[in-house]
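Let's take a walk through this model, one element at a time. Keep the structure open and follow along.

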Amino acid sequence: MSHRLSGNEAVAYAMKQINPDVMGAFPITPSTEIPEYFAQYVANGEVNTEYVAVESEHSSMSVCIAAQAAGARAVCATSSCGLALMYELLYVAASCRLPITLACVNRALSGPININHDYSDSMGGRDAGWIQIYAENNQEAYDNFIMAMPIGEHPGVRLPVMTCMDGFITSHAVENIELLETDVVRRFIGEYNPEHYLLKKENPLAVGPYDLSPYYMEHKVLQAEAMKVARTRILEVATKFEKISGRSYGLFEEYRMEDAELALVLMGSTAGTAKAAVNKLREDGVKAGLVKIRVFRPFPGEELVRALAGTRAVAVMDKSEGFSGGGGPLFAETRSALYDLKERPYMIDIVYGLGGRDVKVEDIEKVFGRLADIAMTGEIGPLYTHMGQRSKEERA
Amino acid sequence: MIYAKDINEHTPWQDLTPGGEIYEPGTARLFNTGSWRTNTPVFHEEACKHCMLCVPFCPDNAIPVRDGKRLDFDYMHCKGCGICEEVCPFPAITMVSGGAVK
């Protein structure tokens with residue numbers, strides 16, 4: 001089915017097709033439309049979801065945790081400060097191994113307060129134990145949400161999944177989109193049949209008991225192992241998804257990387273802009289390429305090594321600061337992953353687009369210009385810079 | 001299925017349950033919390049009228065009852081709070097200093 005939908009409506013529609021048991025609903029810009037559209041489906045009787053309107057995001061995630069522990073499928077949507085208010089519960093959901101699905105519509109996290117896009121919200125939750133999958137556009141936001149449950153609910157995984165899309169850029173822009181038929185989605189998702197759940201009366205269960213030092217470490221190892229299993233499971237689900245949709249997904253997308261000497265590593269909607277820049281540079285004979293990270297947790301480090309092994313210079317583009325004093329989170333992960341490579345490419349970090357600062361094709365071309373200089377001279381110059389801010393200095 | 005009685009401080013991570021889930025009720029019985037005790041109640045059976053006032057007041061269910069009669073303290077779960085001594089109308093419970101059971 002071809003349609004035109006915004007990213008938010010696409011995700012709400014995916015939720016409708018899935019027909020989850022419970023939604024913990026609380027509005028926050030720019031994710032508000034998701035519970036809003038979904039409330040209409042509930043009111044129209046198009047789903048039989050228990051729609052729980054709560055007083056905060058701390059509570060919406062608590063509702064999801066309780067529902068999922070009881071044996072239900074729970075969904076949620078939030079952004080920015082809302083995700084921050086869930087922070088504690090994100091850890092509870094992951095450590096209790098409850099495969100909740102959360103649509104995170106990325107927005108800068110205060111302050112100063114800002115409603116536009118960057119990844120400072122979900123990057124703050126990157127160590128919480130959630131699988132994180134990022135979308136470039138509406139189609140991917142829809143597809144990722146449908147793949148989330150078969151990934152997270154797998155008995156070897158049992159981890160919550162956060163599907164992320166860029167606030168406003170993806171969530172509010174209306175694009176052409178291919179929707180699956182509802183019965184196809186339902187068959188793909190299947191029934192949620194956890195082995196243990198609170199409402200299983202023949203098998204009393206305690207969830208989230210106090211865990212002292214003689215046991216805590218072992219439970220964390222179990223959780224860490226589950227995240228490793230998730231990497232394989234994400235690819236299995238992607239293969240199955242391709243059969244019903246014709247759309248193929250990996251841990252990341254390699255765009256014109258076969259013989260690329262200069263490459264970018266970035267996430268989300270900027271990939272569309274960067275692809276246009278890559279195409280332009282390729283016409284001029286520049287061997288430019290792009291790696292778009294789709295799965296950030298688990299981080300596809302080993303696979304990235306293979307993708308970047310043949311390059312001469314790489315720019316990681318971080319759309320969140322991280323305030324490490326030495327570059328953003330995507331840079332830290334990517335650079336660390338390449339440490340074991342014998343012949344490493346030069347690598348720089350560019351922090352850009354904070355709080356919705358626009359990035360254009362020309363900006364990306366400037367980054368490739370810097371990479372070309374680095375590859376030619378062997379001098380990387382400043383390791384970590386910002387792009388797009390007004391400055392007295394002129395720098396790409 | 002892994003039961004709580006089969007899990008202890010020597011169990012490797014591979015044999016523990018995801019998220020520390022417990023698949024049966026009443027497992028607090030297996031857990032020695034009496035070691036936290038700083039004071040200890042002593043039961044004087046000869047002075048006890050089995051009025052059962054102490055039993056519901058005990059916050060830790062540490063006073064077992066059988067056939068309408070209270071038995072000696074369950075020291076594996078008694079924390080020595082002394083509430084039982086406070087509510088006992090008879091000289092049937094006295095508190096002594098220290099956690100050791102005499």
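Predicted model: local features only at pLDDT ≥ 70, side-chain atom pairs only at ≥ 80, totals over all residues.

The pairing belongs to a parallel run, with 3 bridges joining strand 2 (residues 22–25) of chain A to strand 4 of chain A. A:Val75 also stands opposite A:Thr101 in strand 5 of chain A. Here too the sense is parallel, and strand 4 of chain A and strand 5 (residues 101–106) of chain A pair over 4 bridges.

So how much of strand 4 of chain A is buried? For strand 4 (residues 74–78) of chain A the count is 5 of the 5 residues, so the strand is largely enclosed by the rest of the structure. You can check this face by face: A:Ala74, A:Cys76 and A:Thr78 are buried on one side, and A:Val75 and A:Ala77 are buried on the other.

Now step back to the domains. The assignment for chain A gives domain 1 (2–245) and domain 2 (252–387), and their C-alpha centres lie 28 Å apart. Where they meet, domain 1 of chain A puts in 26 residues and domain 2 of chain A puts in 22 residues. On the domain 1 side of chain A, helix 6 (120–124), strand 6 (131–134) and helix 9 each supply at least two residues. Helix 9 of chain A gives the most to that side, with 5 residues. Sorted by class, the side of domain 1 of chain A that touches domain 2 of chain A has 13 nonpolar, 7 polar and 6 charged residues.

Helix 9 of chain A turns up again when you look at helix 8. In helix 8 (residues 182–189) of chain A, the buried residues are A:Val185, A:Phe188 and A:Ile189. Looking down the axis of helix 8 of chain A, you'll find these buried residues within an arc of 90°, so they line one face of the helix. What covers them? The cover over the buried residues of helix 8 of chain A includes helix 1 (7–18), helix 7 (138–152) and helix 9 (213–245) of chain A. Just after helix 8 of chain A comes A:Gly190, with a positive phi of about 70°.

In chain A, 6 strands form an open sheet with mixed pairing, in the order 9-11-10-13-14-15. Its edges are strand 9 (252–255) and strand 15 (384–387) of chain A, each of which pairs on one side only. On average, and ignoring direction, neighbouring strands of this sheet are turned by 20° against each other.

A:Val316, in strand 13 of chain A, stands opposite A:Val265. Those strands, strand 10 (residues 262–267) and strand 13 (residues 313–318) of chain A, pair in the parallel sense over 4 bridges. A:Val316 also stands opposite A:Asp349 in strand 14 of chain A. Strand 13 of chain A and strand 14 of chain A are parallel as well, and they pair over 6 bridges. As for strand 14 of chain A, 6 of its 7 residues are buried, so it is largely enclosed by the rest of the structure.

Then there's helix 12 (residues 329–337) of chain A, which lies across strand 10, strand 11 (288–293), strand 13 and strand 14 (346–352) of chain A. Helix 12 of chain A runs at about 145° to strand 13 of chain A. Its buried residues include A:Pro329, A:Leu330, A:Phe331, A:Glu333 and A:Thr334. Among the elements covering the buried residues of helix 12 of chain A are helix 6 and helix 11 (301–308) of chain A, along with strand 10, strand 11, strand 13 and strand 14 of chain A.

Finally, turn to chain B. Its domain assignment gives domain 1 (1–30) and domain 2 (32–102), and 29 Å separate the centres of domain 1 of chain B and domain 2 of chain B, taken over C-alpha atoms. The contact between the chains takes 19 residues from chain A and 11 residues from chain B. The residues on the side of chain B that touches chain A divide into 6 nonpolar, 2 polar and 3 charged.

Terms used. Residues numbered from 1 in each chain as written. Chains lettered and ligands numbered in written order. Contact = placed C-beta atoms within 7 Å. Nonpolar A, V, L, I, M, F, W, Y, C, P; charged D, E, K, R; others polar. Buried ≥ 20, exposed ≤ 12 C-beta atoms within 10 Å, placed from the backbone. Arc of directions from axis to C-beta. Domains from an automatic or database assignment. Pairing = 2+ DSSP bridges. Axes fitted to C-alpha atoms, helices over the stretch in contact; angles between N-to-C directions.
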